[in-house]
Amino acid sequence: DYTDNTGSRWTKRIISYNIGRYTSDISPATVDRLIDSALNVWGRVSPLTFVRSFSREADIMVDFAAREHGDSYPFDGPLGTLAHAFGPGEGIGGDAHFDDDELWTAGSHGFNLYLVAAHEFGHSLGLGHSTNPESLMYPTYKRQNQHNLLSREDVVKINILYGRGSLS
Ligand SMILES: CC(C)C[C@H](CC(=O)NO)C(=O)N[C@H]1Cc2cn(c3ccccc23)CCCCCCNC1=O
Ligand SMILES: [Zn+2]
């Protein structure tokens, strides 16, 4: 789920991100790598570039948290909702939260952080959910190959918001 700041988009091409609280399931270095890779799923098909910032004022704040965690959308414990993100905007806009009551993984045991983060960052950039099960923005988790996550629909939608990238 996500708050649908309908029609919102970033009005800049360089988007900053920061990682606040980590999960204990995966090493911080691996979390950093997976988050960077998940952002670049979108960076490759748009003019956007993502830069790591160590400020709390970064556009996209990434946090792992459980249950009540300071926004109006408390997580629900193991399973259920895995993560949520907010559409572009100041403050909590763009932020992505991952439920730390889930088992997060870089592989296939548990929920794959790269796949979930790529979905959440779609919201952080202004995309809503898709009814097409092939789309990365489909609202239920599906283990899929880590190459070529984006459906044609996902690429069209991000290009409507930001124009095309070197690979789209
Ligand atoms: C797309 C994903 C990365 C993020 C979405 C949330 C989202 O859209 N974030 O932006 C998510 O977590 N979807 C649930 C949807 C869901 C599936 N079930 C549920 C049972 C209860 C509550 C929710 C669910 C059935 C049981 C499986 C539960 C574990 C997997 N959960 C899901 O797939
Ligand atoms: Zn979603």
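Visitor: Which residues is Leu-127 in contact with, leaving aside its neighbours within four places in sequence?

Guide: Contact here means heavy atoms within 4.5 Å. By that rule Leu-127 is in contact with Trp-42, Gly-122, Met-137, Asp-154, Lys-157, Ile-158 and Leu-161. A word on the ground rules: this is a predicted model, where local features need pLDDT of at least 70 and side-chain atom pairs count only at pLDDT 80 or more, while totals for chains, interfaces and linings use all residues. Residues are numbered from 1 along each chain as its sequence is written, chains are lettered from A and ligands numbered from 1 in the order in which they are written, and side-chain values use heavy atoms, with hydrogens and water left out.

Visitor: Is Leu-127 buried or exposed?

Guide: Buried means under 20% relative accessible area, exposed over 50%, and partly exposed in between (1.4 Å probe, protein chains only). With a relative accessible area of 5%, Leu-127 is buried. You'll find Leu-127 in the loop between helix 2 and helix 3. Helices (H or I, at least four residues) and strands (E, at least two) are DSSP runs, numbered from the N terminus.

Visitor: How do I read a nonpolar core, and which residues have the most contacts inside the largest one?

Guide: In soluble globular proteins, nonpolar side chains tend to be buried together. A nonpolar core is a set of buried Ala, Val, Leu, Ile, Met, Phe, Trp, Tyr and Cys residues joined through side-chain atoms within 4.5 Å. The largest one in this model has 42 residues, and Ile-35, Trp-42, Phe-98, Trp-104, Leu-113 and Phe-121 have the most contacts inside it. Among the elements that give two or more residues to this core are helix 1 (28–43), helix 2 (113–124) and helix 3 (152–162), along with strand 4 (60–65). Take Leu-113: beyond its neighbours within four places in sequence, Leu-113 is in contact with Ile-26, Val-31, Leu-34, Ile-35, Phe-64, Phe-98, Trp-104 and Thr-105.

Visitor: How many residues of helix 2 are buried?

Guide: 12 of its 12 residues are buried, so helix 2 counts as mostly covered. Among those buried residues are His-119, Glu-120 and His-123, as well as Leu-115 and Val-116. For the length, the expected span of a helix is 1.5 Å times one less than its number of residues. Helix 2 reaches 16 Å from its first C-alpha to its last, close to the 16 Å expected.

Visitor: What caps the N-terminal end of helix 2?

Guide: That's Asn-112, with a side-chain oxygen 3.1 Å from the backbone nitrogen of Tyr-114. After helix 2 comes Gly-126, whose phi is positive, near 115°.

Visitor: Which side chain makes a polar contact with the side chain of Ser-130?

Guide: A polar contact is a pair of N or O atoms within 3.5 Å; within protein, one must be able to donate a hydrogen and the other to accept it, and residues adjacent in sequence count only if both atoms are side-chain atoms. For Ser-130, the partner is the side chain of Glu-153, at 2.6 Å. The Ser-130 side chain also reaches the backbone nitrogen of Asn-132 at 2.8 Å. Ser-130 is in the loop between helix 2 and helix 3 and is buried, with a relative accessible area of 3%. Thr-131 is in the loop between helix 2 and helix 3, but Thr-131 counts as exposed at 77% relative accessibility.

Visitor: What does the side chain of Asn-159 reach at 2.7 Å?

Guide: The backbone oxygen of Val-45. Asn-159, in helix 3, also makes a side-chain polar contact with Ser-168 (3.3 Å). Asn-159 counts as buried at 15% relative accessibility.
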